[in-house]
Amino acid sequence: MKKTITTLAVLVILAALAGGGFYVLEHGLPGFLPPQPRPPVPVPAETPAPIELQPPVLSGEPEAPSAPAPVPAGAVASIVGMERTVKAKRASDLSWEDAHQRMPLYENDAVRTFEKSSATISFGRDDLLEVDQNALVIIKPRPEGAAQSEISLALLSSDFLDGLASKPAPEQAKAIQAAASSRQVTIKALPESRRPGEKTRVAVGILPDRSTSVAALSGSLRITGPKGGEVVLKEKMVVKITNAGILEPRRLPDSPEPIFPADGATYGFQRKVPRVELKWRSADRARSYRLIVATDSQFRRIFADEKVEGTSLPVRIQQPGTYYWRVRAQDADGFAGPYSVVRSVRTDFDDAPPSLTILSPPEMFVAPAPSVEIKGRTEQDVRVRVNGQKAAVAADGTFSYPLALKEGVNLVTIEATDVAGNSEYGKRLITYKGSKRATASVTGN
């Protein structure tokens, strides 16, 4: 009995302690303020993914949306397209930075392109300036009273800046401004020459002799040189500006026309990397061509960039996906014409063998003559070999091959191989008894 009373007392004490602990947790100790509840930790809002703005495309591509992005107050222009590395420098800065899409440009800002790189600069809604490779462009203030459609700039060779690399940044800036003052060009679009809804597209570049070229890709222009001379440049015309002044305008090379493969064509591959031959028609006044292949339709991710003397180039595609290509012509003096239209080609993983049907002769055929025509049907762009010899395949996939037979049983193997390297096989056993036995069987002797 005594032991039972002791046990009950212990349980009562434990219950009291538990109740007191709960009270302390809820209300605090007597004489002390109760603990304040912690405010809930706010969950950070998910940062929305940046929206990639589509830039206007270079000549030959489909037109970009007509509504341009808003330009900050005071900006003269903005960068709306780039290929490879492009640098920019503010007039008030001494260092160069990587340019970026929709980057605003102000008076005396500079843009630099490098080997096989280019930039597209928008001056307002209707005027686009394409800067070719190895160029240094300085945005100059518009002359007082100039119209909004006027573009003032100085164009220097990119290697001019390389020659200043050993000098301090302040000296570089002074040398650039001094050189720019003698190379300033004013370009004024003539809106009446534009077709409705069309933009004026101007291309500028530096020629091998470091002279400046200005070309009208669409619309007409009035060009004013550093020494005050003027010339009107009609569409698809180019002019060369030297230290002596503005030379006589001339026609640009025509735009090449892509002819193969068909736009959107698909090449499969399994073991063998596709070797796609890109072909185009020759352009008037063309000495060479520049072919560009990219993995995006805006040509920001360049896959291949080649100078080609002929009108075709085989390209090895390493990964499945869609590739875009375009080509432009260049004349003997280095003037480059507009790009062609953009074509796409797709490569896809393919491990399925092609279809193969042997139409004639039938199985276990006994030939009455020492030769037989092997006929069948497969898919387009499939190679067929009969006993190792190439058979003629028509555009619809039908094929034929005249096969000479030996006396006795002939084993005939037909192999069909697609462009991805997949193969399908067929066979026939053809018996030829020889001319004497064939004659005997016919006469009944």
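Rings of Phe, Tyr and Trp (its six-membered ring) pair if their centres lie within 6.5 Å; planes under 30 degrees apart count as stacked, over 60 as edge-to-face and the rest as tilted. The views below come from a predicted model, in which local features need pLDDT of at least 70, side-chain atom pairs count only at pLDDT 80 or more, and totals for chains, interfaces and linings use all residues. Residues are numbered from 1 along each chain as its sequence is written, and side-chain values use heavy atoms, with hydrogens and water left out.

**View A. Aromatic pairs.** The whole structure holds three aromatic pairs. One of them joins Trp280 and Trp325 in a tilted arrangement, 6.5 Å centre to centre with 50° between the planes. This pair links distant parts of the chain: Trp280 lies in strand 20 (residues 275-281) and Trp325 in strand 24 (residues 321-330), 45 residues apart. Strands (E, at least two residues) and helices (H or I, at least four) are DSSP runs, numbered from the N terminus. Trp280 is buried at 2% relative accessible area; Trp325 is buried at 1%. Buried means under 20% relative accessible area, exposed over 50%, and partly exposed in between (1.4 Å probe, protein chains only).

**View B. Phe303 and Tyr323.** The ring centres of Phe303 and Tyr323 are 5.2 Å apart and the planes stand at 65°, so the pair is edge-to-face. Phe303 belongs to strand 22 (residues 302-308) and Tyr323 to strand 24, 20 residues apart, so this pair also links distant parts of the chain. Phe303 is partly exposed, at 31% relative accessible area. Tyr323 is buried, at 5%.

**View C. Helix 3 and its cover.** Helix 3 (residues 169-181) has 13 residues and reaches 19 Å from its first C-alpha to its last, close to the expected 18 Å. That expected span is 1.5 Å times one less than the number of residues. Which residues of helix 3 are buried? They are Gln172, Ile176, Ala179 and Ala180. Seen down the axis of helix 3, these buried residues fall within an arc of 100°, so they line one face of the helix. The arc is that of the directions from the helix axis to the C-beta atoms. On the other side of helix 3, Lys174 and Ser181 are exposed. The cover over the buried residues of helix 3 includes strand 8 (135-139), strand 9 (150-157), helix 2 (158-162) and strand 10 (184-190); contact here means heavy atoms within 4.5 Å.

View D. Eight strands form an open sheet in the order 3-2-5-8-9-10-13-14, with antiparallel pairing. Strand 3 (97-98) and strand 14 (230-233) stand at the edges with a single partner strand each, so one side of each has no neighbour in the sheet. Two strands pair if DSSP finds at least two bridges between them. Strand 13 (residues 220-224) pairs with strand 14 in the antiparallel sense over four bridges. Leu221 has Leu233 of strand 14 as its bridge partner.

**View E. Strand 34 and its partners.** Strand 34 (residues 423-432) pairs with strand 27 (residues 365-367) in the parallel sense over three bridges. Here Phe365 stands opposite Ile430. Strand 33 (residues 408-417) pairs with strand 34 in the antiparallel sense over ten bridges. Gly408 has Tyr432 as its bridge partner. Five residues lie between the strands of this hairpin, where Gly421 takes a positive phi near 95°.
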